[in-house]
Amino acid sequence: MNSNANMSGKSNIIILLILLYTYLSQAQHITTRLLDSQGVEIIRATVFLQDQNNKTLAYTSSNNEGLVEFKNIANHPTASQLTIQKIGIEKTTIALDATKNNYGIDTPLYLLSSAEVLNEITIKATSPITVKKDTVVYNVKQFSKGDERVIEDLLKNLPGLEISTDGKISVNNQEVEKVMVDGTDLFDRGYRVLTKNMPVNPVEEVELLQNYSENKHLTNLNPAKKIALNLKLSEEAKRVWFGNVEVGAGIRDKEVHSARSNIMNFGKKTKFYSILQSNNISYDATGDLNSFLNSNKGEIATPTALSNPINIDNISLSLRNHRYKDNNNQFASINTAVTLSPKVEVKVSGLFNKETLLGKRSMNQTLYTPDHSYHNIEMMSNRNRSNFSFLKGDMVYDINKTSTLKYDLKGNISNTKINSDVRYNDIPNNQALDNENKRVEQNLEYTTKLSDREALVLSYKNIYEQNTQDYINTPNIYIQDATMPFSQLVQNKMNYHTVQASYKGMMKGNHLLHITLGNTNTNTHLYSLNNLADDDTYTNKNNSTLKVNELYAKALTKMTWGTWSMGTSISASLFDNKLKSITTDNSLQKLVISPHFSIEKRINDKNKIDIYYKYGYTNINAAKTYDGYIQTSYRSFLRGTTNLDPFTNNAVGLTYTLGNYHDRSFSTVTISYNKYNDFYTQNNYIYPNHTKSNISTIKNNESYFILASTEYYFQKLKHNLKLNLNANQADFYNTLNDSETRRVRSTSLTYGIELKSNLRSRFNYAVSTNWFTTYMNIISTERFIDTETKLTAKYKLKDTLFLNLISELYSFDKVAPSRKYYTFLDFNIAYIPNKSKWNARLELTNLFNTKTYANYALTDYSSTSTTYKLLGRQLLLSVNYSF
């Protein structure tokens, strides 16, 4: 109890010191109001804070009331004068006197009109944010703190952008499609390779493209508002070779290292970017590698990749990677784009990633049945070795000004070997898994403009994928007195083809009309075999082929009248589903019609309401359509279903938006309701050493969802406040050991607050707290609340010396008899000399040397407390050279 109080006390002292420093740092400032000789406010005048040599130390502009304010003058000890400039007003310079109130500056301050002609006055002031139609332009210098290492660090400073812990970039909960460099896209949805590795120095502006279209012929013809980012390079970085090399060495409980190099050239006809990286400090240099596979390029959406039935390496926490991921990673990527002629561009990208991950956890679990309960203790130590190779080639051929042919081919090979030592209820055993995946995808797309307001798109997509998993567990803990190890082999193959034709037109009045015809054919084969004992030997084997054909037609319109717009669509799909397995030979043909209706009202430039209704459908899931048991985790087995009926649902929702991303105030609220006419459920059977679940389908289920957030920037205080709320409730039904069907209601509520400073001083900080509440109701209601508090503080000791501090406090219900607290503190100092090619950093992570971390999970039939081994205190010194 005392330790918890001490931890809480530490956090309170840190926050109080930050608030005290913030107050003191703003005590010395200048405030005045600019008026002309007639007493009229002078707005948008540029005011410079300068030293005696006329060197600008800071600048601002007068607001709509003529007010000017400079804070933290003490941070500029050489400041000696104010210089005021505006077209039509005489240039005025006023000396500062630190001994007088307001530094001797009168308020209001009257300025004289100027008779000079306009072209004799040149004033160049850069706005932090510029809005050009559907593009928001961020000036990098205005948002840089000076110590950013890679693009991801810079993007975290830009208002309106959200960067998740794994590097995903979102704007108003919508993920960006890609991140380009000077208009060239090299990574598709794998943009995290770029943002996690590319240095900041060469980037001058960041463009947020709010209505992005990958196909230049379809600009303004697509109703879907996609988002992309474009990094604009400075003139000095264009058409020259540049990059950086960074190396680091340190110590944890072993020697650690980090090395990375970037080499780039973005010329007019040739673009080149290569990355080499190696580290064992838990740095994630790639993000989710699956993002390279599911890029959704072109008009045809990419289907989900084949799933891996069994997963025994399940250590994934909400903590930062360097808290728990004990890795050894090597990564290389080479990417080039070449303009062969004014009509032909070719892009080639290659990537190789090799990684070893180590992890340890212990678990206390209680399983509940109507008649019994089982308590299990499990300790597991994992070693995961993986290789991932990816190669992609793109070709764009502009046949003429109105027609373009695109073709891309990409493939990957991955292999994962997992070895795990387990002690289960004091029984030692070892499990090993070998997983191999191969995938090839090709896309062909032809676009032609029929007129200025019409286009025709012909598309084809083909994917071939195969996956093999070989698993063994010694001894066989699932069978009493077993003489042979447990083993399982799973082989999965998929062949996917889609051909599609789309007409896209804009009618009179700027009303959109889309008509799409297409056919999708998917052939999936599953073979699996294990030696789990059962009376029916067929239940441990699968040899099934699932063939799905969908012939579809879709029509969409979007009509706009002033501030109103209405969208309607209807789709008709004729399904032909066939399943042939050891025990089943079924087929089904079914026509499903799906209408969709939406309406949007723009009350004004800052107020918008969207309402929608949709009767949707989802065809059967191949990962759930089979008739024998497959092991899915260490002690879990799952049996699929042979149901071939497509699933339907009704959905209605409302979104209200107040403001824009770049405004001082921005709020959004989304409310949705879903009624599932058909859905998957599970019938669970609990045994002492394992669980078996059977998938089945059931009708009528509901879910609710609320997502709300609001941001407000306090201009005078230079602080941004953000509030968020996420609530959802869902019912699902199942049985337990042949019980009656039970309704299980799961409710989660997440709410949080964040305060972030943007002071024009040497000090800035951000502090946030989130509360996570979970309710699980079966007969009675169980509730637990977890919290997460984070503090980031930055202090600029000198113009070349930067100090950063990161503190995190987590607390959990149910893990121990009383609430459990975990505190982390990281510290780093960066030396970045002005106009130097060299810089250095010293980083100390996990200063408190927190070695374990536990959380609690609750399902309808189990409660689990899991403790994970964390990485200890680490010291790293790194040096960076830019060229």
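Predicted model: local features only at pLDDT ≥ 70, side-chain atom pairs only at ≥ 80, totals over all residues.
Three strands make up an open sheet in the order β10-β11-β12, and their pairing is antiparallel. The edges of this sheet are formed by β10 (162-163) and β12 (174-175), each of which pairs on one side only. Between strand β11, residues 169-171, and β12 the antiparallel pairing extends over two bridges. Within this region, Ser170 is positioned opposite Glu175 of β12.

On the surface, a nonpolar patch is formed by Trp241, Val245, Val247, Ile263, Trp838, Val879 and Phe883, which together have about 650 Å² of accessible area. Strand β16 (residues 241-251) supplies the largest share of the patch, with three residues. Trp241 is located in strand β16. With a relative accessibility of 53%, Trp241 is classed as exposed, because the cut-off for that class is over 50%.

Strand β16 also takes part in a charged contact. Glu246 and Arg260 form a salt bridge in which the closest N and O atoms are 3.3 Å apart. Glu246 belongs to strand β16 and Arg260 to strand β17 (residues 255-266), so the contact ties together parts that are 14 residues apart in sequence. Both Glu246 and Arg260 are buried. A further salt bridge joins the side chains of Lys254 and Asp326, with an N to O distance of 3.1 Å. This pair links distant parts of the chain, as Lys254 is in the loop between β16 and β17 and Asp326 is in strand β19 (residues 326-341), 72 residues apart. Lys254 is partly exposed at 32% relative accessibility, whereas Asp326 is buried, with a relative accessible area of 16%. Salt bridges with shared partners also connect Lys410, Arg439, Glu441, Lys461 and Glu465 into one network.

The side chains of Glu235 and Arg239 form another salt bridge, at 3.7 Å from N to O. Arg239 has a relative accessible area of 52% and is therefore exposed. In the whole structure, the search finds 42 salt bridges.

Phe647 is buried at 11% relative accessibility, while Tyr680 is partly exposed at 22%. Phe784 and Tyr856 form an edge-to-face pair, with 5.2 Å centre to centre and 85° between the planes. Distant parts of the chain are linked by this pair, since Phe784 is in strand β39 (residues 781-798) and Tyr856 is in strand β43 (residues 852-858), 72 residues apart. Both Phe784 and Tyr856 are buried.

The ring of Tyr680 has the charged end of Lys624 over it, 5.7 Å from the ring centre. Likewise, the charged end of Lys554 sits over the ring of Tyr552, at 5.2 Å from its centre.

Technical notes
Residues numbered from 1 in each chain as written. Heavy atoms only, no water. Pairing = 2+ DSSP bridges. Helix = DSSP H or I, 4+ residues; strand = E, 2+ residues; numbered from the N terminus. Patch = residues over 30% accessible without salt bridge, like charges linked within 9 Å, V, L, I, M, F, W, Y side chains within 5 Å. Areas by Shrake-Rupley, 256 points an atom, 1.4 Å probe, with all protein chains shown as cover. Salt bridge = Lys/Arg side-chain N within 4 Å of Asp/Glu carboxyl O. Buried < 20%, exposed > 50% of the residue type's maximum accessible area, 1.4 Å probe, protein only. Phe/Tyr/Trp six-rings, centres within 6.5 Å; stacked < 30°, edge-to-face > 60°. Lys NZ or Arg CZ within 6 Å of the ring centre and 35° of its normal.
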